[in-house]
Amino acid sequence: MAVHMGRLSAGPCWRAARGCCRELRAWAPRSAAGRLCRPPGTAGPEQSRGLGHGPKARGGPRLRTGLAAGLAGLAGLAAAAFGHVERAEMVRKSSGAQSPSPGKPEEEDDELARRCSCFMALPVTDLRELRGRPGDMKTKMELLILETQAQVCQALAQVDGGARFSVDRWERKEGGGGISCVLQDGRVFEKAGVSISVVHGNLSEEAAKQMRSRGKILKTKDGKLPFSAMGVSSVIHPKNPHAPTIHFNYRYFEVEEADGNKQWWFGGGCDLTPTYLNQEDAVHFHRTLKEACDQHGPDLYPKFKKWCDDYFFIAHRGERRGIGGIFFDDLDSPSKEEVFRFVQSCAQAVIPSYIPLVKKHCDDSFTPQEKLWQQLRRGRYVEFNLLYDRGTKFGLFTPGSRIESILMSLPLTARWEYMHSPSENSKEAEILEVLRHPRDWVH
């Protein structure tokens, strides 16, 4: 069932939500580690300690589709693949920080209720289960993706003005479900989707073999492996051709082997796709992501920036989908908590990296020719998602996947013209040059 949320710009966390979000802390709920998540549009999160960057990623880029990519589609996370087969890696810079002392059960319950009151919908996982495992990474990640979804939707609605989000809660019969929030035909946004999924079940022996091909040693029981996967995925298409499209996706994956051992990893990224090149916008976007990465290690941004440029490549066009950002997968060191804090920093960087750009350009004047070029560039966006994105491709052919959520990343309108080529030295040719030859935007 879809629930329409009108005029979400009424205030932080929609003051009508049981009156639990009247204070600033409603926009800054405490995480399990006791930190505060900042409101949208502010600077990045507090600097965390103990996270650096290790040796060059193992198992260089390969062309085959990984199992995890299929699970991304299965979970409805079509905008990015779980299974990009190169491995991201971090190492510890210093000893990990001590875990905070647990609070009283009733305080935890109050905190969970306060956080849930600010979400677009209740968590996918039953609240009793979440309360029973407050320190578990699955709980912390589910709350993080729900917070990210709510904060991004609120920020988009404030920019759009009279926006109306459709909130669609769905279930997966094999285990778990998700929440898809979609805005269509707004004042500023033609289409904006922010979806979360929390799924679980058993991996087949065939799926386990694909994981082993990526270097994972897995012990099955009766040919199967229990797994959990969750993430937030979003693609935002503004109407104005001078306002860029953005995509982001952050996810967590966990597999339990027959002997009880658990393997886990994180993945994700954020990238910008402008119709026309604006150097100030490109620098702002990349600097914001770099600041988030730099809190955890100076080598992370350059590595994940290159990974992003390499991944979002439309081979038959010889060009990137956009001007890049960051992208990583199979991130499982130095510790679960430290990688989670890195992913949290990246998720919190989405709003300050993007919303200022939309505000800057949403009312710019544009010509019919510029609108036509936007439609052609959207055609390229569709080509990448349907022809190259591993999560989308695998998900479309995987039983149990939710096609509606997978295709959420596509724009309402796009255009293809046979053998179209922009005029030499035009603004259209300028952006093509950048898409063919990625730049270093922060030095």
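Trainee: How are α4 and α8 oriented to each other, roughly parallel or roughly antiparallel?

Mentor: Axes are lines fitted to C-alpha atoms, for helices over the stretch in contact, and angles between N-to-C directions run from 0 to 180 degrees. Angles under 35 degrees count as roughly parallel, over 145 as roughly antiparallel, 65 to 115 as roughly perpendicular and the rest as oblique. Here the axes of helix α4 (residues 137-160) and helix α8 (residues 336-348) cross at roughly 5° and come within 11 Å. The two helices α4 and α8 are therefore roughly parallel to each other. Please note that this is a predicted model, in which local features need pLDDT of at least 70 and side-chain atom pairs count only at pLDDT 80 or more, while totals for chains, interfaces and linings use all residues. Residues are numbered from 1 along each chain as its sequence is written, and side-chain values use heavy atoms, with hydrogens and water left out.

Trainee: Which residues of α4 and α8 meet?

Mentor: Contact means heavy atoms within 4.5 Å. From α4 come Met137, Lys140, Met141, Leu144 and Thr148, and they meet Lys336, Glu337, Phe340, Val343, Gln344 and Ala347 of α8. The residues of this contact divide into 6 nonpolar, 2 polar and 3 charged. In that count, Ala, Val, Leu, Ile, Met, Phe, Trp, Tyr, Cys and Pro are nonpolar, Asp, Glu, Lys and Arg are charged, and the others, Gly among them, are polar.

Trainee: How many helices and strands are there in the protein chain?

Mentor: Helices (H or I, at least four residues) and strands (E, at least two) are DSSP runs, numbered from the N terminus. The protein chain has 13 helices and 10 strands.

Trainee: How many residues has the largest nonpolar core?

Mentor: In soluble globular proteins, nonpolar side chains tend to be buried together. A nonpolar core is a set of buried Ala, Val, Leu, Ile, Met, Phe, Trp, Tyr and Cys residues joined through side-chain atoms within 4.5 Å. Buried means under 20% relative accessible area, exposed over 50%, and partly exposed in between (1.4 Å probe, protein chains only). The largest core here has 85 residues, and Met141, Leu156, Phe189, Tyr250, Phe266 and Phe342 have the most contacts inside it. Its largest share, 13 residues, comes from α4. Apart from this core lies another, of 9 residues, including Val199, Phe227, Phe253 and Val255.

Trainee: Is Gln149 buried or exposed?

Mentor: Gln149 has its place in helix α4 and counts as buried, because its relative accessibility is 0%. Leaving aside neighbours within four places in sequence, Gln149 is in contact with Met120, Ile179, Cys181, Val194, Ser195 and Ile196. The C-alpha atoms of Gln149 and Ile196 are separated by 7.2 Å, although the two residues are 47 residues apart along the chain.

Trainee: Where is Arg377 placed, and what does Arg377 touch?

Mentor: Arg377 belongs to helix α10 (residues 368-387). At 7% relative accessibility, Arg377 counts as buried. Not counting residues up to four places away in sequence, Arg377 touches Thr275, Glu319, Arg320, Arg321, Leu432 and Leu435.

Trainee: Which residues does a cis peptide bond join?

Mentor: The cis peptide bond joins Ser333 and Pro334, with omega at about 10°. Pro334 lies in the loop between β10 (324-331) and α8.

Trainee: What is the phi of Met419?

Mentor: The phi of Met419 is near 55°, a positive value in a residue other than glycine. Met419 is placed in the loop between α12 (403-406) and α13 (427-436), and is exposed, with a relative accessible area of 66%.
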